[in-house]
Amino acid sequence: MQQIFNFIFKNSYRILFLLLIGISLSLTIQSHSFHRSKVISSANYLSGGVYEKVNTVNEYLNLKTENDALALENAKLRSMIFNTKDTATAKILDSIKGVKLQDLIVSKVIHNSYNVYENYLTLNSGELDGVKTDMGVINSLGIVGIIENTSPKYSTVISVLNKRTQINAKIKKSDHFGSLNWDGKSTGYVQLTDLPRLALIKIGDTIVTGGQSVIFPENINIGTIAKIYRDEQTNFFTLNVKLFNDMTNLGHVYIIKSKDRDEIINLEKKVKDE
Amino acid sequence: MNSALLVNIFRFVLLLAIQIIIFNNMNFLGYISPFPYILFIILYPVNGNKSGLIASSFLLGIILDLFSNSGGTHATACLVLAYLRPLLFKFAFGLSYEYQTIKLNDVITPQRFSFIFLSVIIHHFTLFLLEAFQLSYILDTLVTTLLSTTFTVILCIIIIYLIKPNRR
């Protein structure tokens, strides 16, 4: 008995090391497994609060670029109003790119990462604003990511720049679809894989979200084709897609509340059960 | 003894804050991201409590993981470095390092440099390996490790010179 205690006291730091490395390795492995909520995420009061404080400073420094973007959007909206057929009654915008305004939650990016293989954003709205896991996140230019974790006041988003994202996407003019991934190389480009060889495509074509996704509505902009790879072995294309969004510079974003999502999932579940 | 503890706590908080607010947002050429926060583990007193070092480096790593959404990668890398630290001391300063008075935050000698360099490379390799988590990315991992190591070592030496206590 004495010897056991002696052994434990003598090697206490080794035992502590083994215990802690067990915990941290399991956290690492758990964070790499697909579709599992993370234990350690930046959607909590400590990191969310700190990021919000840091962001207020950054926001002040970036006022000029933000103003430019707003001015641009203003000009666009104005031209839409002036170009309506009946100029006497200004048309009220009720949607942004096919999504009804009442289904959107306006939120702000308070932390953005883009320098590792698995990138996440932190937003300053959470469950109290109605944000739930697996809602889509877009901004005025195109898609941004998918909500992963939520806390009462904050939420984290899997960015499109993440090895784990898979988003259903299609060619805008032809309805051929594939899935959108990221190879971890450049922040400006994502890859569209599994696109059938039958599709007629050329460089510069627009890629939008597909109708098969229950997260994003159809026809939200993603990017344009920058390079086409033909694999002679298979019947699929792999495309390099240049994002419309500059993922290193995000400000305000919109979270999409999809009302039909639960209905679709329940329906598909029913089919599988039978 | 008490002041050493206070200095360490101060260092812990300060390095963590600098890492989160400034260095986490750096990304030169898409490859290089420096992590000078491991200076806490490097500068921890040589004859200090071993369990204390391991527990505090775990805490250091897990807090950084919390902020950068990286699961447990930083925690694991910090723990590996903290555990291997005595070995690195032996390698850099000779067998009887425990009886010498080694001061790391002083003028950079070859021994001190080799100790810092080895610590940084071990930490970074573990970190990037776990971050990629795929053997097909091994080449990328090695390149990133080398580039980031150079950068972190330079930053560490600059910081050591900046906080070096003045000789009377």
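Strands and helices are DSSP runs numbered from the N terminus, a strand (E) having at least two residues and a helix (H or I) at least four, and two strands pair if DSSP finds at least two bridges between them.

E11 and E12 belong to a barrel of chain A that six strands close in the order E8-E9-E10-E13-E12-E11, with antiparallel pairing. From one strand to the next, the twist averages 40 degrees, where axes are lines fitted to C-alpha atoms (for helices over the stretch in contact) and angles run from 0 to 180 degrees between N-to-C directions.

The bridge partner of Thr150(A) in E7(A) is Ser155(A), while Ile146(A) stands opposite Ile158(A), and a hairpin through four residues connects E6(A) to E7(A). E7(A) also pairs in the antiparallel sense with strand E4 (residues 118-123) of chain A, over five bridges, and here Leu121(A) stands opposite Val157(A).

Strand E5 (residues 136-138) of chain A pairs with E6(A) in the antiparallel sense over three bridges, and the bridge partner of Val137(A) in E6(A) is Gly145(A). E5(A) and E6(A) form a hairpin with four residues between them.

Eight of the eight residues of E7(A) are buried, which leaves this strand mostly covered; buried means under 20% relative accessible area, exposed means over 50%, and partly exposed lies in between (1.4 Å probe, protein chains only). Seven of the eight residues of E6(A) are buried, so E6(A) is largely enclosed by the rest of the structure.

## Chain B

Chain B contains six helices and zero strands, its elements running α-α-α-α-α-α from the N terminus on. Of its 168 residues, 52% count as buried. Among contacts in chain B (heavy atoms within 4.5 Å) between residues at least 6 apart in sequence, 67% join residues at least 24 apart. The accessible surface of chain B comes to about 8200 Å², of which 71% belongs to carbon and sulfur atoms; accessible areas come from the Shrake-Rupley method with a 1.4 Å probe, and for residues only the protein chains shown count as cover.

A search of the whole structure, over all chains, finds zero disulfides, a disulfide being a pair of cysteine sulfur atoms within 2.5 Å.

## The contact between chains A and B

The contact takes 34 residues from chain B and 36 residues from chain A. Between them the two chains bury about 3100 Å², with 65% of it on carbon and sulfur atoms; buried area is the accessible area (1.4 Å probe) that two parts lose on being put together, summed over both. On the side of chain B, Leu66(B), Phe67(B) and Asn69(B) lose the most area to chain A, together accounting for 23% of what that side buries.

## Basis of the values

Residues are numbered from 1 along each chain as its sequence is written, and chains are lettered from A and ligands numbered from 1 in the order in which they are written. Because the model is predicted, local features need pLDDT of at least 70 and side-chain atom pairs count only at pLDDT 80 or more, whereas totals for chains, interfaces and linings use all residues, and side-chain values use heavy atoms, with hydrogens and water left out.
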